[in-house]
Amino acid sequence: MMEIDQLKNAFEEEFGVSDQPMQCFFAPGRVNLIGEHIDYNGGVVFPAALSLGVYGILRFRSDQVVHLKSMNTPLKVSVDLKTPILYEGKDGWGNYPKGVIKFLLDYGHSIRGCEILFSGNLPDGAGLSSSAAILVLTAYMLRYANGDHTIDCVKLARFCQKVENEFTKVNCGIMDQFAVAMGREECAILLDCQNLSYKYIPFVLGEYRLVIMNTNKKRELADSKYNQRRGECEEALELIRKHRSVDNLCQALLTDVEAYIEDSVLQRRAQHVISENHRVLLATELLAQGDLIGFGHLMTQSHLSLKNDYEVTGLELDTIVDCALESAGCIGARMTGAGFGGCAIALVKMEKIEEFKRTVYQGYNEITGLTPDFYVASIADGVKLIT
Ligand code: GLA
């Protein structure tokens with residue numbers, strides 16, 4: 001992790017020295033422990049914020065321009081606060097902070113010109129929510145630095161989801177922004193995506209650890225397939241609603257699927273959603289009882305359902321999960337996030353982690369030709385000011 005002092009030096013190299021103070025902030029990435037492709041279906045999910053994430057340093061200027069720079073890419077973006085702010089492909093990652101600035105202004109927040117330097121230590125394109133981290137970080141720091149110190153982080157998460165849906169046109173659910181904004185050290189969040197009620201559950205792993213396995217297969221086509229799955233879920237829900245009144249697909253029963261949906265693809269999509277939602281509820285109960293073996297078993301069931309019924313895994317995620325399950329000390333593994341590449345997670349006995357990494361590396365590399373990376377997750381707080 002880059003030290004804050006180093007980041008401040010890099011800031012001055014980029015933007016020069018000034019008598020204005022710098023303010024530092026951090027927003028984490030996230031993993032989802034179980035409950036995949038459930039948020040936009042109104043069910044319960046179980047994510048946690050990571051100690052890896054994105055740092056941001058902000059310093060005010062005397063004009064009405066916001067300069068954005070990231071240590072992770074050469075691209076620089078500037079936003080004139082007096083002219084209309086539009087999505088532009090050439091601005092790449094900068095469209096996330098641009099969207100936040102536009103929507104903050106539209107909502108009546110006052111923003112002064114400033115310089116912002118971002119620096120992330122999340123692996124790129126790995127599905128650990130670096131985009132949600134940039135959105136939440138930008139919204140939090142601009143509001144905080146402009147004098148608003150009583151930020152409601154649930155509302156902040158919804159605001160950032162709106163920016164992602166409407167400005168960058170990614171039709172995501174609320175889970176990522178919520179986990180980034182509301183994370184708590186050593187806890188996972190049981191979040192009901194229908195009404196945003198939530199509960200922190202201590203993520204106590206005893207002799208086990210959560211290992212994040214990066215397939216290093218970038219999440220290509222993820223957005224189009226993601227939207228396709230959302231459409232299929234909406235179709236399945238409409239078919240069930242012709243017979244029964246339900247608020248969302250998670251409230252339907254497996255017997256409804258059998259009775260009211262004929263198309264086998266839609267059947268399988270709905271089966272995943274309904275069964276996954278049950279798994280989340282059961283998994284959180286088992287975790288609270290300290291039954292990690294049971295929890296791990298449900299993680300694996302979740303992966304199989306995402307593979308066979310929801311079809312969002314692919315060779316790399318399936319291989320890494322298979323290799324993990326065959327390795328010593330592993331009691332459960334699954335993909336995490338949207339799928340189609342990115343990361344998987346595994347529960348592994350602490351003393352076996354080195355052996356586990358070696359075996360998975362070898363097996364995965366042999367089949368896919370790719371080299372995986374591993375991180376032992378530590379579960380951290382949501383977005384915050386760093387003093
Ligand atoms: C992505 C989306 C989330 C969620 C997951 C799948 O991370 O941004 O809203 O739908 O995929 O669970």
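In these legends, Ala, Val, Leu, Ile, Met, Phe, Trp, Tyr, Cys and Pro count as nonpolar, Asp, Glu, Lys and Arg as charged, and the others, Gly among them, as polar. All views show a predicted model.

**View 1. Residues surrounding the ligand.** The shell around the ligand consists of Arg30, Glu36, His37, Asp39, Tyr40, Cys172, Gly173, Met175, Asp176, Tyr226, Gly337 and Ala338. By class, the residues of this shell comprise five nonpolar, three polar and four charged. The ligand takes up the space of the largest pocket.

View 2. A polar side-chain atom of Asp39 is placed 2.5 Å from a ligand oxygen atom. Polar backbone atoms also take part: one of His37 lies 2.7 Å from an oxygen atom of the ligand, and one of Gly173 lies 2.9 Å from an oxygen atom of the ligand. The ligand taken alone exposes 300 Å², of which the protein buries 93%.

**View 3. The aromatic pair of Phe46 and Phe295.** The structure contains 15 aromatic pairs, and this view presents the rings of Phe46 and Phe295. The ring centres of Phe46 and Phe295 are 6.4 Å apart and the planes stand at 65°, so the pair is edge-to-face, given that planes over 60 degrees apart count as such.

**View 4. Location of the Phe46 and Phe295 pair in the chain.** Phe46 belongs to the loop between strand E2 (44-45) and strand E3 (47-60), while Phe295 belongs to helix H9 (residues 292-308). The pair therefore ties together parts that are 249 residues apart in sequence.

Terms used: Residues are numbered from 1 along each chain as its sequence is written. This is a predicted model: local features need pLDDT of at least 70, side-chain atom pairs count only at pLDDT 80 or more; totals for chains, interfaces and linings use all residues. Side-chain values use heavy atoms; hydrogens and water are left out. A residue is near a molecule or strand if one of its heavy atoms lies within 4 Å of it. A polar contact is a pair of N or O atoms within 3.5 Å; within protein, one must be able to donate a hydrogen and the other to accept it, and residues adjacent in sequence count only if both atoms are side-chain atoms. Accessible areas come from the Shrake-Rupley method with a 1.4 Å probe; for residues, only the protein chains shown count as cover. On a 1 Å grid over the protein atoms alone, a cavity is a set of points where a 1.4 Å probe fits but cannot get out, and a pocket is an open set with protein on both sides within 12 Å along at least five of seven lines; lining residues have an atom within 4 Å of a point. A molecule sits in a cavity or pocket if more than half of its atoms lie within 2 Å of its grid points. Rings of Phe, Tyr and Trp (its six-membered ring) pair if their centres lie within 6.5 Å; planes under 30 degrees apart count as stacked, over 60 as edge-to-face and the rest as tilted. Helices (H or I, at least four residues) and strands (E, at least two) are DSSP runs, numbered from the N terminus.
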